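Open the model in your viewer and keep the selection tool at hand. The stops below follow the chain from its start towards its end.

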Amino acid sequence: MDDSNSPWVRYDAWNFALAETWFSGDSAFHPAYVDVDQAVLQSAASRIGVAGDPTAALIDVVRESLWLEDDRAFAAHRRSLDMWRARARQARATKSRMEAPPPVMPLLGVFTVAAEQMGASDVYAANAYRPRLEALLNVPATRSRSFQNAFTQHSEVVWRALNEYLELNEGLCGLPTAYSLGHRYVGLPQSQALVRTADRRKLPQFFRLFGFAPRSEAVSSDLERLLDIWIGQTPSPVSRNLSRLWKGKARERIAGIASVELSHWDGSYEKDDEEGASSRAGELRLTVLLRRGLGGRRLELSFAARFPTPVTVEHLTIESAEGKPRVAVLPSAGARMRPAPMSRFDAESLVGAAVSLSEPSRHQTAARRPRRVLPLHRDDLLGVFVEVEKIQLTEDAMVLVKDEPKVVELVKELLSSHGRHGDIFAAESREGVDALPGLPTGWLLIDGVEMFAVPSEVKHADLNPLVPLMSAQMSFAGGLKMPGRVRKWSSQQPPEIRAAVSEASRLEIALAPLDERGPGSSRSWTADQPAIVVDLSDEGLADGDYEVTLAADGTTLAQTTLRLRSGDTPDLVSWTTSPRLVYELDGAAIAALSAVDMSEASDLLVDGPRLLGEPQVRIEPRALPGAPTWLTRPSQKATNVRPVVMGVADPRSCLVTGRHYLELPPYMGGKTSGQIQGVCRTCGLVKSFPGNPRKQKRKQQKTSLDLDLTRLPAPRETAVALDTCLDALIHVGGGSMGSFERVATQAEGSSLFVDDLLRTLEGLGHVDVKRDLNLLPLEWEITPTQFAELADGSFLLTGAWSAASRSRLRALVEEAGGALRVECSTQTKLLSRWSVEGLSADLMEEIALAIGDCFVARDAAARLLAALPPLSQVTEALPLRAIPMHSKAQKFDLGSARWVPVPGVAGPGAYRVEQSFRTISLWVDHEGAIRREGRQGSVQLVKHIAASAAGRPLAAYSPAREMLFVPLGSDLPGLYGRVATLCGGSSPLVSTGTRTLAYTDVPRRTAESLAGLLTS
């Protein structure tokens, strides 16, 4: 029987056609909307061969799918949606992508058509939504009440399904926008129809005009004031239709749409957003990273540049520096560029000079002007603190201040009375101020800044950046944010909820699960003052989506979604699209250092700790010295590195003189209302003045600040544990290095730490890493759940072990008579070690089979060792390259295990050369020195190649302690390091005092076999 014309078959056809039209690749990582423009619907109709009016056809197919003669008008849709959600849960359990859209697209299309027609006729009141919807669907008058009840019961559920679908696809189909603060049932469809595409594309102009930071959370009612200024310009930057709606009763909903767009905005903007964009300077922002390591704290200053038209270039020219030197750059999130690792800049000129950069492709420029008071906020996309125009309420911030007594005291007084702050740093310590290496002389850094109130009557112009733009704010702060454009946090380290509302006497934050099958129950917190902080770390929140609502004095002001994830709820898109990486050792010898996409041709490969195939390599062991032969005392002589000076401070600028030259717009006659903005000619500081001073003076009233900061929870430790980082990586599954960096930089934002964490996880067999020809990491993948048999007969858990899978494992292990042990570190910078003890390899095979997709790597280190090639073969596989022109060179001295400055590359050895702020590590043999060629490798690899060429392994071994030592910074490369690590199953121990790295529980035979490989 042909049922191609049945209502549900045609409904399903429309469902897929609309999903493909609305949420295609063009929507990826951009806010996505249910667009019912005639041309868009016509495109969807043509996909399924529907002729005629597409809107009428869509309405007909939805009408036929409804039970309009029944009290349960949407029952069939709800049943179909429940089935889709069950399939989505199954997809998550099996880590497979859920590509099929929920069966709600035609329904949402009709809901949006009704919203778009509001105010379009005189038959109904302009704000009458439900009568229009009933008229479109021809709902019988006798069924109107039952239809309204069914609509109220189910409409929010189907809109939520759309957001779920976009979230499941992690932004590849678009970012969710179906949210509404008020008028819930009408507000959701209006959120899709009210602001047209052309007007939405102009919103970045609004965000940039008022200095909003990318991905900010803004209370929509507070946005109305600023939108009124922007839309009310002459001529208005928006369409006549939006101007008309703004003058009506849609202001609140338009502001809500702008708020959603701001939360998704990555800071990029289109060339046509602003008149003359291609001819004006782009953005150059200062970035700050406060490193906390074993050697204490150190500040790293750098920059992030963005041009009006995005370009892909390898370097930028510093136009403001003498000689116009070039700096190597790498692409970064939000269409920005950041300096390549190891770039060094003069801190005083970077902060205090007017700096200008240009790019060679389209000759665009990016510039920044120094300011005396400089707020910075944590940029989630970059993992560092980035300069902003104004500080925001409740966010994590830092403040750089010109070290002048009057300015410093004013800043400290303002921060203490309207918020709180942590430590204060300077280049040299003094009373109440700690020394911070890397901070330029003449500046202070105030850490741990949180603002909870808006200062009034700030008269000193330098303090203007510390006056928040918004008077109400709710945000998530701290915790570990998962990678991806859909905002989500780790349930193992959730954020705080912070809120502040000026002049409010009582605040309430409510949190409720969005899924009726979801975890936990609703809860709420209150504060009888204008600020509240809720620490979620002790709430035991499970993975899931939660609706968070802020109310002030009984009025709901803001509503947002908190998404919590972990390794138990994997990113389905990333898991299904990430490369399947293995080390194919029967291919090129370079496979010992770099994984490749898995092929069907290899008979000898490494997957995590497990070797598949039978090795044929015969190893000649080599004895190692019983103690390090290199110099183990810390160097007392620091290498004198001259960073580039970015520019020279203008002695006439306000940064130096303290006097601002504010330029006001010309007076055009007539009365002026609102605010007039003056802009400083030299630093760009913006100060607002009342358009009618007398009226403003009458309005001002002396109010006391009723804010007791002692009632807020103490600022919590923001350090992210490595265990939490590993769980977040398990959630992601794999991908480009960008996703790995997004997790790692939340523990510490330096590129050195990212590289160290990657090598640590690779050594333990948790991740496999694909590298390019220069051995720079390209992609990574979490390895399958496996048990690596260690030298003592226990089994180390490696790969994608989530909390739930470990819980299931514990039950199986205890049932078999064994024990699941965990060695937890008290340091956040060390990983916990999970292992199974007391069971044989055969029993572990049975447990792995019961778990499914789990494997046992028997005698892991020994089998892997027997398959590795000699280091000499790896060296020959490295590509040759000409020794580049360079400004500085260092050679690795084997006796001291240190880099020693040399005039240039001459003779065989391991070299580190600097070129355009890029550091390159090379091994140069005798022939290469003559031909001016070398082999590029990692900084660790070239050291071991140099030691091999000299016939002396860069290692020592203590039989009594079963420890294999290498110099600090000379980790065993690639799979050689994995062999040493998998002997004991722990990360190597670092000793800065003796400058050594120690691999533990390494049998003597293994240590000497490794030495044989590394010297042959």
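The tour visits helix packing and then strand pairing.

This is a predicted model, in which local features need pLDDT of at least 70, side-chain atom pairs count only at pLDDT 80 or more, and totals for chains, interfaces and linings use all residues. Residues are numbered from 1 along each chain as its sequence is written, and side-chain values use heavy atoms, with hydrogens and water left out. Helices (H or I, at least four residues) and strands (E, at least two) are DSSP runs, numbered from the N terminus.

**Helices H1 and H3**

Select residues 7-22, helix H1, and residues 54-65, helix H3. The axes of H1 and H3 lie 9 Å apart, at an angle of about 130 degrees. Axes here are lines fitted to C-alpha atoms, for helices over the stretch in contact, and angles run from 0 to 180 degrees between N-to-C directions. H1 is therefore oblique to H3; angles under 35 degrees count as roughly parallel, over 145 as roughly antiparallel, 65 to 115 as roughly perpendicular and the rest as oblique.

Now show side chains. On H1, the contact (heavy atoms within 4.5 Å) includes Trp 8, Tyr 11, Trp 14 and Leu 18. Facing them on H3 are residues including Ala 57, Leu 58, Val 61 and Val 62. By class, this contact has 10 nonpolar, one polar and two charged residues. Ala, Val, Leu, Ile, Met, Phe, Trp, Tyr, Cys and Pro count as nonpolar, Asp, Glu, Lys and Arg as charged, and the others, Gly among them, as polar.

**Helices H3 and H5**

H3 contributes Thr 55, Leu 58, Ile 59 and Val 62 to the contact, and H5 contributes Pro 106, Leu 107, Gly 109, Val 110 and Val 113. Seven of these residues are nonpolar, two are polar and none is charged.

Move to residues 373-379 (E8) and 384-387 (E9), antiparallel strands joined by four bridges. Two strands pair if DSSP finds at least two bridges between them. Arg 378 has Phe 385 in E9 as its bridge partner. Between the strands are four residues, and Gly 383 takes a positive phi near 80 degrees.

**The four-stranded sheet**

Finish at the open sheet with the order E24-E23-E25-E26 and antiparallel pairing. Its edge strands, E24 (596-597) and E26 (610-612), each pair on one side only. Three bridges link E25 (residues 605-607) to E26; Leu 605 is partnered by Leu 612 in E26.
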